[in-house]
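Hi,

Here is the structure I said I'd pass on. Have a look at it first, and then read on for what turned up.

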Amino acid sequence: MSEQIIAIIGGGQAGAMAAAALRQQGFNGPLHLFSDEAHLPYERPPLSKAMLLDDAPQLQPVLPASWWQEHNVQLHLGVTLRQIDRASRTLTLADGQTYRWSQLLLATGAAARPLPLLNKLGERCFTLRHAGDAERLRDVLQPGKAIVIVGAGTIGLELAASATQRGCTVTVVEMASSVMGRNAPAPVRDYLLARHQQAGVRVLLNSTIEHAEAGEFLSLTLQNGETLLADAVVYGIGIVANDALARDAGLETANGIIVDSACTTSDPDIFAAGDVAIMRLPDGSLVRVESWENANNQAQIAAAAMLNQPLPHKTPGWFWTDQYRDNLQFIGEMQGQTWLCRGNPERGKAIWLQLRDGAIIGAAALNNGREVRVLRKLIQSERALSEEALCDEGVALKSL
């Protein structure tokens, strides 16, 4: 095949940003993007917030609608991929159409990890991954409705805040001993738990649902024998990667498409990015990062690798969550027991810092968005700093 043809499967953040990166990095050849959703690629973070709370919610496009035509990207929306043929370098749609490719990027994302016990409850049981999920859930979140949310991760807590702000009575059921246990430091977890409880959310930790029935109300029985009655239940207990196409094509998978640091799969002409990608580290372990920023970063990496361009420099991980009027941003490493605190969370503004040998390796900023860029630079600098200066709000972080 003489002409380089690049195909992207997946219309989420990673797929859209990869298309942009390929054009920015000088690829002028045929570029196709296939998505099973009928919408132009849109931002996912607002699904649990603005799409539920705004008076007239609108999907926020990843790229302007005009961009796709201006940059000659062939969009195939609302289509289903049936097969990837690595030998012939073709992909086949459910309707039988075939398309050639010389390089392929899989950005197929992930689905909510299913919970059969709750799925049997029918249409009053929800997960949140796509625009259609948000539209259906918005109709249910009416004042006075009793909503049970299973899972106190980022999405679960954002949904609890949105449902509470819409006037619902909210109960959160979490099997672990804390909220946001996977990705927030202990002092932030404590702050968020108290914040939700102050807003009237009932948070049940170390709790699991053992029985569920649908009647006039949904009846959910916990392992301690307590029964919760709800108008609707929403759960978010992790993800299952949409890696079936890759697996059927013989690529190496493990609840995700295994890639190296260049987002290359076990086939050197096929790449993966975003939630569907799981990276093999030098020690052989596998790690997946589920964040908006990681989707953007891996899109840039995959595009550069496809075009044999230098790979972007690695930056400290970053993600954020908005709950009630609070904005929390997390930079760098979140594991660790000892955290300094700059500011006063009781006044609604603080920064928690984790040090190693005097250098900042992780930070969590509560309503301190202006300091995030400085915090990233301080983490990248790896400089030893004074704990006293870091905790003194009279000392500007920028001066350090």
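Predicted model: local features only at pLDDT ≥ 70, side-chain atom pairs only at ≥ 80, totals over all residues.

Residues are numbered from 1 along each chain as its sequence is written, and side-chain values use heavy atoms, with hydrogens and water left out.

Back to Leu 192. Together with Ile 149, Val 170, Val 188, Phe 330 and Trp 352, Leu 192 has the most contacts inside the largest nonpolar core, a set of 41 residues. Such a core is made of buried Ala, Val, Leu, Ile, Met, Phe, Trp, Tyr and Cys residues joined through side-chain atoms within 4.5 Å; buried means under 20% relative accessible area, with a 1.4 Å probe and protein chains only. Which helix gives the most to this core? That would be H6 (residues 154-165), with 5 residues. There is also a second, separate core of 32 residues, and Leu 22, Trp 68, Ala 295 and Met 306 are among them.

Met 180 sits in the loop between strand E11 (169-173) and helix H7 (186-198), and is buried at 1% relative accessibility. Arg 89 isn't a glycine either, yet has a positive phi of about 55 degrees. The loop between strand E4 (81-85) and strand E5 (90-93) holds Arg 89, which is buried with a relative accessible area of 18%.

Now the whole chain. There are 11 helices and 26 strands, taken as DSSP runs (H or I, at least four residues; E, at least two) numbered from the N terminus. The radius of gyration is 22 Å, close to the 21 Å of the globule rule for 400 residues, so the chain is as compact as a globular protein of that length. That radius is taken over C-alpha atoms, and the rule is 2.2 Å times the number of residues to the power 0.38. Buried residues make up 51% of the 400. Among contacts between residues at least 6 apart in sequence, 61% join residues at least 24 apart.

Cheers

Technical notes: Buried < 20%, exposed > 50% of the residue type's maximum accessible area, 1.4 Å probe, protein only. Contact = heavy atoms within 4.5 Å.
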